[in-house]
Amino acid sequence: MRGVLVLVVDSSTPAVTAAVAEVTADGVALRAERQTINARAHGELLAPQIDAVLDETGARPRDLAAIVAGVGPGPFTGLRVGLVTAASMGQVLGVPTYGVCSLDALGLAAGGRRILAATDARRREVYWAVYDRDGQRLAGPAVDAPAAVADQAKELEVEFAVGEGALRYAELLGLPVRPEPVHPPAHALAELAADRVRRRAPTERLTPLYLRRPDAVAATTRKSVLR
């Protein structure tokens, strides 16, 4: 297979990520990557970063063979930015979109032992999943308080943890924490979608893994204007 270019985006964490990867018959190579840590500026940062990685590789949008997006789990607003962007570009360019669980990218990148991947879910909770030595998911994704996750990790004989959530709640999790990766790596996201790219699999609906309702919900009752 001749190498093809794919755009990789992820906005499931405070890290706003855009990258261009080349997928060949026997591997994946990053050609350009931008990642900015800013939990409040996903919408402002993602599009310029996409332009930047395309410029760096000398590629145009029409050169892309597919778009890979991290589907979370993650907070509602930030996650939606990446998925809407990926889906819109895929539709406009006529190329397939492929979704990858963002925790799976952490699990793959930190593989080698049984691990807990955890990102910050706010509200003193973490999004988490457990992986075996080959990066295969054994449990999750789910959202829970760190103490509850610690119990699950003990039952599953987890050896160490990785991710922003693991770093923040290391004491409660009671596990050794690797310092890297902190956020889902673009290279791992591309690797997890590479087989679909090679097979030219049909486009996928990018279904977000919210795992819980957004903070802002529509009112269920009407208030009287006379009160």
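Trainee: On what basis are the residues numbered and the values computed?
Mentor: Residues are numbered from 1 along each chain as its sequence is written, and side-chain values use heavy atoms, with hydrogens and water left out. As this is a predicted model, local features need pLDDT of at least 70, side-chain atom pairs count only at pLDDT 80 or more, and totals for chains, interfaces and linings use all residues.

Trainee: At what angle do helix α1 and helix α2 pack?
Mentor: Helices (H or I, at least four residues) and strands (E, at least two) are DSSP runs, numbered from the N terminus. Axes are lines fitted to C-alpha atoms, for helices over the stretch in contact, and angles run from 0 to 180 degrees between N-to-C directions. For α1 (residues 42-57) and α2 (residues 76-93), the axes are 9 Å apart and the packing angle is about 35°.

Trainee: Which residues of α1 and α2 make the contact, and how many of them are nonpolar, polar and charged?
Mentor: Contact means heavy atoms within 4.5 Å. From α1 come His 42, Gly 43, Leu 46 and Ile 50, and from α2 come Gly 78, Val 81, Gly 82, Thr 85 and Met 89.

Trainee: Where does α7 bend, and by how much?
Mentor: The bend at a residue is the angle between axes fitted to the seven residues ending there and the seven starting there. In α7, that residue is Ala 193, and the bend is about 50°.

Trainee: Which strands and which helix do the buried residues of α7 pack against?
Mentor: Buried means under 20% relative accessible area, exposed over 50%, and partly exposed in between (1.4 Å probe, protein chains only). In α7 the buried residues are Ala 186, Ala 188, Leu 189, Ala 190, Ala 193, Ala 194, Arg 196 and Val 197. Their partners are β1 (4-10), β2 (15-24), β3 (27-37), β4 (64-70), β5 (97-100) and α3 (102-109).

Trainee: Is Pro 14 buried or exposed?
Mentor: Pro 14 is placed in the loop between β1 and β2. Leaving out residues up to four places away in sequence, Pro 14 touches Thr 36, Ile 37, Asn 38, Ala 39, His 42, Glu 164 and His 183. Because its relative accessibility is 19%, Pro 14 counts as buried.

Trainee: What is omega at the cis peptide bond that joins Gly 72 and Pro 73?
Mentor: Pro 73 lies in the loop between β4 and α2. Pro 73 is also among the contacts of Thr 119, a residue of strand β6 (residues 115-122). For the cis bond from Gly 72 to Pro 73, omega is about 10°.

Trainee: What is omega at the cis peptide bond of Gly 140 and Pro 141?
Mentor: Pro 141 has its place in strand β8 (residues 137-144). The cis bond joining Gly 140 to Pro 141 has an omega of about 5°.

Trainee: What is the phi of Arg 200, and is Arg 200 buried or exposed?
Mentor: Arg 200 is found in the segment after α7. Although Arg 200 is not a glycine, its phi is positive, at about 55°. With a relative accessible area of 75%, Arg 200 is exposed.
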